[in-house]
Amino acid sequence: MKQQYSSLFSFSFFLLFLHCTTTFAQTSPAATPAQAPAVVVAQPPAATPTQAAQPHGITNVTKILEKAGHFTIFIRLLRSTQEENHLFSALNDSSSGVTIFAPTDSAFSELKSGTLNTLSDGDKSELVKFHVVPTFLSTSQFQTVSNPLGTWAGTGNRLPLNVTSYPNSVNITTGLTNTSLSGTVYTDNQLAIYKIEKVLLPKDIFASKAPAPAPVAPAPEKPTKAVPAATVESPVAPVDISGALMFTQNQVVGSVGIVAAAMFAL
């Protein structure tokens, strides 16, 4: 009998142990491994039509124009004249910035066929430089700039570039070209690229060469009174009149003889 109570006690103790273990497991949350904090990766802002993405943080004009589209011919000129490298150096080494007036492909198509092919390499380089102002100009700054604007091509009567700002537009004239800004391709605090629908033609290249001035005719002299030329009589050849004198003498003598005869007859 005593052995049965001992067995029952052991069995009850075993059940109590199992119950306590199960209850403890349910009430105690399982330990979970520690998780590292999530890393938030900032996404670069999407490029907008007026602010193209810069390759590797370096301003690259041709990349910006390629992304914008419709500037194939201007890009080709930038590369063939090596002005692409000049722009790269200026934008990354200068603090004054650059402003570019970029003609579209349709602007070049308005030129007379073969115009670019007739230009020398020097003229092509000057044409590109004529579209670059060596300072950053926002649209609002066109209201206060002084004309004519200086460009990479230079200044002077053969390279005039004048801008006139209106409330809703900016007009550009060169003496041969008259156009307006048709949009902003790119702008920041260092570079501004504006779209134009006509190629800016500098007089230094495209103005017809003026003919050389005609020599100045000497002033007419005051007329003087004409002096009549002296009349010089031609020498007269001597005429032999001895025969005529003898004839006259004979006539006189004959006449005297007739008169004398008539008197004697009386």
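I began with terms: two strands pair if DSSP finds at least two bridges between them. Strands are DSSP runs of E, at least two residues long, numbered from the N terminus. I kept in mind that this is a predicted model.

**Entry: the β4-β5 turn.** I looked up β4 and β5. They form a hairpin with four residues between them. Gly-175 sits in that turn and has a positive phi of about 95°. The two strands pair in the antiparallel sense over three bridges.

**Entry: the β3-β4 turn.** I stepped back to β3. With β4 (residues 169-173), β3 makes a hairpin that has two residues between the strands. Their pairing is antiparallel, over five bridges. I found Tyr-166 opposite Ser-169 in β4.

**Entry: the whole sheet.** Next I traced the strand order. The sheet is open and has six strands, ordered β2-β1-β6-β5-β4-β3. Its pairing is mixed. Which strands stand at the edges? I found β2 (132-133) and β3 (162-166) there. Each has a single partner strand, so one side of each is left without a neighbour in the sheet.

**Entry: β5, β6 and a helix.** I checked β5 (residues 178-187) against β6 (residues 191-196). They pair in the antiparallel sense over five bridges. Gly-183 stands opposite Lys-195 in β6. I then looked for what packs on the sheet, and found helix α2 (residues 61-68). Helix α2 touches β1 (98-103), β5 and β6. The direction of α2 makes about 40° with that of β6.

Note on methods
Residues numbered from 1 in each chain as written. Predicted model: local features only at pLDDT ≥ 70, side-chain atom pairs only at ≥ 80, totals over all residues. Heavy atoms only, no water. Contact = heavy atoms within 4.5 Å. Axes fitted to C-alpha atoms, helices over the stretch in contact; angles between N-to-C directions.
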